[in-house]
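Subject: Structure handover

Hi,

Here is the structure for you to look over. My notes follow below it.

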Amino acid sequence: MIDKLAKAEDPRHEQLVDEPIVVAYFLLALGYLALSMLAGLLMATQLVHWNPLNGIELLSPGRWRMIHTNVVAYGFLANAFLGALHWSVPRLVLKPVLDRRLSWFILVAWQVVLLCTFFGIVFGPTLQANIAALERLPFSLGAQGIEWGETPTWIDPLALAGLLLVAVNFMGPIVRTKGPMYVSAWYFIAAFVWTFLTYAMGNFLPQYWLAGTSAGAVGGLFIHDLVGLFVTPLGWGLVYYFVPILLQKPIWSHGLSLVGFWGLAFFYPLNGIHHFLYTPIPMFLQYGAIISTIAVEMVVTTVIVNFFATIWGSGRQLITNLPVRWFYTGMVFYGLTCLQCAMQTTLTFQALIHFTDWVVGHAHMVMFGVFSLWLLGIMTYLFPRLWRTEWYSKELLEYHYWLSSVGLLVMAADLILLGPFQGYYWASLQPWEVSVDGSQPFWMLRVFAGLAMLAGQLCFFYNIYMTWRRSRAQGVPVSTGTQQAPPAEVAPQA
Amino acid sequence: MSTQRKPFHTRSVVVALMALAILVPSLYGFGTKFLEFIALYRGDADGAFAISPILNYLLASLGFLFLFGWAVMSGMFHDIERPKYTMLENEARLDHSAPPNSRGQFGGSLGRRLSGEADLPYSSRFRDPHEHD
Ligand code: HEM
C-alpha cells in the first residue's frame, strides 16, 4: 500500500536528514544536562550546609547557580531542540536544511558561545581581579547582570549571529514549501523570529540603552519571552509533530491547534512584567501584564484539550509506548504549571509567594517537567531510529522515566509547598534566619530528589552508550542528508 | 448518513465554541488594556514607561499580523484539517524509504515496531472516515 502511494520523485529520508548532526546535538545536550544538574546539586547542598567544596572560589555556588540555569537553557534545551529540529524540519517540509555545512558551523559556533559563557561566569571575575591588563578592560569578563542573560556581554553579538544563522538555515526550506502548512511549521517559523528578537531585546536594551525600572521592565519581558517565545513554540511545534506520528493518529483538531498558535503570537509578548508585580514598575504596566497572562492562559487550554482529545481511545499507549508516556507526562505537568500561573498572576497570591521557593518549584516543573521531558521523549524515540537498533535495555529506559518524573514531582511539590511557608514566615516579620531554618527539611528533600533525577539520567547515558555499541556491531548505514536518490529500480514504485 | 457525519459536526462546533470563548474575551481584555497604554503614553506624566512594552509588542506581533493576513489571503486555512493528514502521509513514505542496517533490519518502520504497532496501510490508518477533506 505504501509502495503504491510513494512516488519515485519523493525525497527520501537519507536525502533530507543529516543523522550525525542530530546525534551530535543530542549527545552534547545530554552532557550539558549532566553538568547543569551537578551545578544544581552544588547549590542545593550549599543551602543545607552540606557543600563538600565550600571555600573554593572557582566552585562558589553563586557562580555555579548561574552555570546551572544558563547551561540548562542554552546548553541542554537549545542543543536538544536543534537536534530535534534537524530531524523534524526536513521531514516535515520534505526539503533539507539550507546548507549542511552551515549546520555544522552553527553547531561548533554554538558550543564556542557556551564554552565562553561557562568560562566567563566561572573564571571571568577571578581573572579580571588578578590580571592588571584585564582589569583595565572597559567591560566585564564575567556574567552580564541580567537574569537569564548572564552570557557575558562580549559573547552576546556572536550568540545573536548564531541565532540568525539558525533562523536562516531552517527558514530556507520552510518558506519554500507550497500549500497549507502544518501547525508545527508555524510554530517553528515563530520560534526562529522570536528567539532572535528576544535575545537582542533582553541582552542589548537594558545593557546599552535603558536604565532603572524601564530596564527592569524589559528584563521581565526577556525572562518570560525566553520561555514563551523560544522554548514554548519549539516545544509545542515538536510535540505537534511527534505525538501524531507516535500515536499513528492525526491531531484531534488542526483548526484548534492554529487557534492556539495565533493566540500565542498575539497575546504572549506583553506577559513578562508579571514577574515584577509589586515592584516600582508603574501599576498600569503590571495590570497590563496580568490581563495578557489571563489571555494566554485561555489560549494554552486549546493545546491541552487538543492533545488529550487526540489520545482519547488510545490510552493503552501510555503504558506500552514509552515516548508517548514521556510526552503526556510532560503535558500533565504543563497543565499543572498553567494552573500555577493562573494563581501566580493574581496580586493577592503574589504578595505571598513572591521571592519564595514556590517560584523555583514552578521553574523546575516548567523547564524539566515539561520541556525536558518532551525532549527526553524525543530522544527515547529517535536514538534507536538513528542507530537502527533497539534499545540495549528497556528496563533502564523505565528507570530513566520513573526516576526523572518522580524525582521532578517530589522536587517541585516540595518547593511549591515550601513557598507559602516562607511567605508566611516573612509576613510574620520574624528574623530572616527563622525562615531559613524552617526551609531546611524541604531543601534536604530537594537534594535527594535531585539525586534521583541525576540517577535517572545516568541510566539513560549508560543505555545510550550500550545501544551505540550494539549498533556498531550491527554496522549501521548513516544518513547524512546529502545522499542521492537510489537508482529508479530500487526506488519505491510510483 | 447523518449519523456518519455527526462526529465532524461535533468537532467543528466544539472548536468554533472554544475559539470564540477564548478569543473574544482575550481580545477584549487585551485590546482595551493596549489602548489604555497608548492613551497613557499620550497623556500621563508617567506615560513614557508605556512606550517600551508597546514597542516590544509591536515589534514582536506586527510582523505576525501581516503574516496572518497573508496566510488568510493565500488560502492557508482553506482546508484547515488537511495538513494533519499530509504530514502523516509524508512521514509514512519517508519511513518506508529509510535505510535498514546491514542485516536488513530496522528500516523506516522501526519506530512503529518499537512501539508494538503493526505496520498497517497508512492511508486507512490516518483518515478519519467521518471527516471531509
Ligand atoms: C539535580 C537536579 C537539580 C537540582 C538539585 C537543582 C537545584 C536548583 C537550585 C538549588 C536552584 C537555585 C534555587 C535558589 O536560588 O533558591 C535551582 C534553580 C533553577 N533550576 Fe535547578 N536543579 C536541578 C535540575 C534542574 C533542571 C534539570 C532544570 C531544567 C531543565 C532546572 C532549572 C532550574 C531553573 C530554571 C532555576 C531558576 C529558578 C528561579 O530562578 O526561579 N534545574 N535549581
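Contact here means heavy atoms within 4.5 Å. This is a predicted model, where local features need pLDDT of at least 70, side-chain atom pairs count only at pLDDT 80 or more, and totals for chains, interfaces and linings use all residues. Residues are numbered from 1 along each chain as its sequence is written, chains are lettered from A and ligands numbered from 1 in the order written, and side-chain values use heavy atoms, without hydrogens and water.

Core first. A nonpolar core is a set of buried Ala, Val, Leu, Ile, Met, Phe, Trp, Tyr and Cys residues joined through side-chain atoms within 4.5 Å. Buried means under 20% relative accessible area (1.4 Å probe, protein chains only). The largest such core has 176 residues, and A:Phe192, A:Phe242 and A:Met379 touch the most other members. Helix H9 of chain A (residues 212-247) gives the most, with 20 residues. Helices are DSSP runs of H or I, at least four residues, numbered from the N terminus.

Leaving aside neighbours within four places in sequence, A:Phe242 contacts A:Trp87, A:Ser88, A:Phe327, A:Ile378, A:Tyr381 and A:Leu382.

Chain B has five helices and zero strands. Of its 133 residues, 41% are buried.

Best wishes

Terms used. Buried < 20%, exposed > 50% of the residue type's maximum accessible area, 1.4 Å probe, protein only. Helix = DSSP H or I, 4+ residues; strand = E, 2+ residues; numbered from the N terminus.
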